[in-house]
Amino acid sequence: MGKTKHQGPIKKSSLPSPKHWVSPIPFGLGKVKPKHIRDSVKILWENKDNLSYATNIITKGVCDGCALGVAGLYDQTLTGPHICTTRLNVLRLNTMPAIKSEFLHADIDELRTYSSTELRKLGRIPYPMIRRKGERKFSRLSWDEAMEMIAGKMKKLDPKQYAFYLTSRGITNESYYVAGKVSRFLGTNNIDNASRICHSPSKTALKRSIGVGASTVNYQDWIGTDVLLFWGSVASNSSPVSTKYMLEAKKKGTKIIVVNPYKEPAMDEYWIPSNVESALFGTKLADDFYQVNIGGDIAFMHGIMKHWFEMEEKKYGSAINHEFVQKHVNGYEELKTKVKKQSWNDIVASSGITQERIVKLAELLANSKNAVFAWALGLTMHSFATDNISQVANLALLRGFLGRKHSGLMPFRGHSSVQGSGEMGADPFVLPGGDFHGENIERIEKLWGFDLPKWQGDIVGVTLENILLPENHERKVKLYYLSGGNFLETMPDPHFVEKALSQLEIRVHQDIILNTSTLVDAKEAVIVLPAKTRYEQVGGGTSTSTERMVYFSPEIEGNRNKIEEAREEWKIYVDLAKRVKPETADLVHFEDADSIRNEIAKANPNYDGIQHLKKQGDVFQWGGAWLCEDGICPTFDGKASLIPVDIPDLNKTNEQFYITTRRGKQFNSMVYSETDPFNGAERYDVLINKEDANELSIQEGEAIVLYNKYGVFQGRAKLADIAKGNLGIFFPEGNFLLPKGRYEKFAGIPDYNVGCHLEKAERYVARKDVDYLEKRVEELEQEVS
């Protein structure tokens, strides 16, 4: 699969382009915008105790922030140095000293007064620790004691009763691979990762539409394509270096279109700090915004296709690439029938976009030779997310935007190496090199030398629910082994999550820092294990970028704040396996990181080449420059499939608003600023349309309450350019409104969008008091009778 090789970084245009400037006033003075230079100086000061090591990480290591894949100061897209504040913010996790013992061994209630941000700033976990039931403080353990306790517990449990989870904090492909192998060796398929929570619908949808679950294009394909269309993505905030690609694209004539309920300021105007022209005068990124309703994307896309078919009735070939469709696509007539049945009234009502505006975009795409469609959590975190993305694929396939330069489909990944987590097999549905199914199971069993458990493992949300099953249930989870992560701040319904975590018999936190979930009680013990960072991994490590580039990040020596007892994550998993099943543990033994890479190359044929990555700067791209090159897909007949999908019913009443969660200045749930530098919003602000606020007589900054049957959120109104009837709240603060147990029907990720009621705080509180009193009187009357 894949013929053409990536050409390597291309030169940036040296000519200034005033037509894309935000303002002739230098540095955007007077505007609400990030203070990149000030923030960078602050980060420099934070790392002053370990400056040479910090410098080496930035100049030699592969970024452990976003998934662009910047290695040292360079990437494979553009020449010249790249640096961003997201990467700088994460830097301190790698350079800071150990937590001082007076904080580490403080009373648990004192530790619980700290937020995750404050806990993070305390420093790194210095050695293994335990807090048994009833104990007020963490106490120190030896590695032997800690690992024997975990292994001893696992030996007593049915493998269905324990689970593994890996987050996206700079974990390497090597660690993902070993974790996936060890979990199956121990007999459990309950293994999941942070990537699957965010982008599994992308993989599921792309596999059913085009046969492969990865980006079919490169970032270079943005530069010079006719249209670069972002669906539900704030690429500039999650991956700031991508704005440099956008600027180059605009200079080559690319139109950038953003489809999102909120007119994200960072996708409108951006000051790129490592580009002199943009740092001074800013860059107008988006050429147009389509402020679709939350959950209205499918209808919006139906509208685009409906207009295409109307164009076709007037002139054959005016919108559909018939040559491509006939040669490379199945299901054309079925999709056409489905789309033509949709009424414009339903399309406009669901999408919130007028027919005239939909027609405008439909005709732009129909008249474009090339387009790249990129999307992120705005499409993936819905209960119908797989359908969302299949619909994006439908658009691309009808126009032939696949398998060639400047045309394709890109799930825009947020964190470094999350692309690799599933490809390494750290996922209940997959093994290295393919699905957890049929011939792939047999192939991996032959390679690994042991039988795999054949039962279906559970996704993280179900695993959390299974903790509360009856005592004698075979799937009651009693031990959870967590490599990073904080479910209290990433999963819906934090009250439920806290209850579930506290009902585990043993909970293991393998991490570099403490967070609020580490402090939750457990029935028997909470065990904390200090992990090394990716830069401390002896023999180096690899990570996979959004565009399928596999980068080698070398071990970086010279850490003045070295955590002596921290261990490589993959080594901890191997040690655990040896203690649980010592008689066959040689089957999962690895001598070093090189030997893991050698096995990865055999386990996942796409990764044949990883075994040759040895030094700083080494990189290869699996699959070639474009997947499905020349329209030929890795499916049984070499063709892609058009998937007819329905407009979803959100079950939203007229008096309800629909909310979505959004990120501010943060890295996943790690918040770096209480105020969003792009719009001035604070963490408990609720983004609301001005007309909606006027209708409810709500003023800017007024206290409001959002509530539904799942929870209550108290915040303040922030007037914003968001689609009418839609609200934006920050993640994770708004997670109390989200339902547990509502999963995407194909990929199983939680739904992060929900309907709610909105009231002024004073009215809500007054009405609640009345309701409460009435309820109490009713109960008293019943007691008397």
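Reader: Quick one. Is Phe300 buried or exposed?

Author: Phe300 is buried, at a relative accessible area of 0%. Buried means under 20% relative accessible area, exposed means over 50%, and partly exposed is in between (1.4 Å probe, protein chains only). Bear in mind that this is a predicted model: local features need pLDDT of at least 70, side-chain atom pairs count only at pLDDT 80 or more, and totals for chains, interfaces and linings use all residues. Residues are numbered from 1 along each chain as its sequence is written, and side-chain values use heavy atoms, with hydrogens and water left out.

Reader: And Trp231, buried or exposed?

Author: Trp231 is buried, with a relative accessible area of 0%.

Reader: How are the rings of Trp231 and Phe300 arranged?

Author: Edge-to-face, because the planes are at 65 degrees, with the centres 6.0 Å apart. The rule covers rings of Phe, Tyr and Trp (its six-membered ring): they pair if their centres lie within 6.5 Å, and planes under 30 degrees apart count as stacked, over 60 as edge-to-face, the rest as tilted. Trp231 is in strand S5 (residues 227-231) and Phe300 in helix H14 (residues 297-314), so the pair ties together parts 69 residues apart in sequence. Helices (H or I, at least four residues) and strands (E, at least two) are DSSP runs, numbered from the N terminus.

Reader: How many aromatic pairs in total?

Author: The count comes to 24. Take Trp21 and Phe281: their ring centres are 4.0 Å apart and the planes are at 20 degrees, so that pair is stacked. Trp21 sits in the segment before helix H1 (36-46) and Phe281 in helix H13 (residues 276-281), 260 residues apart.

Reader: How accessible is each of those two?

Author: Trp21 is partly exposed at 25%. Phe281 counts as buried, at 17% relative accessibility.

Reader: Which residues form an aromatic cluster?

Author: Tyr177, Phe185, Trp448, Phe450 and Phe590 form one.

Reader: Switching topic. Which lysine lies over the face of Trp45?

Author: Lys48, at 4.2 Å from the ring centre. The cut-offs for a charge over a ring: NZ of Lys or CZ of Arg within 6 Å of the ring centre and within 35 degrees of the ring normal. Lys740 lies over the face of Phe496, at 4.9 Å.

Reader: Now strands. What does S22 pair with across four bridges?

Author: Strand S22 (residues 657-662) pairs with strand S29 (residues 753-760), antiparallel. Pairing takes at least two DSSP bridges between two strands. Thr660 stands opposite Asn753 in S29.

Reader: Which barrel has S22 and S29 in it?

Author: A closed barrel of six strands, S22-S28-S25-S27-S26-S29, with mixed pairing.
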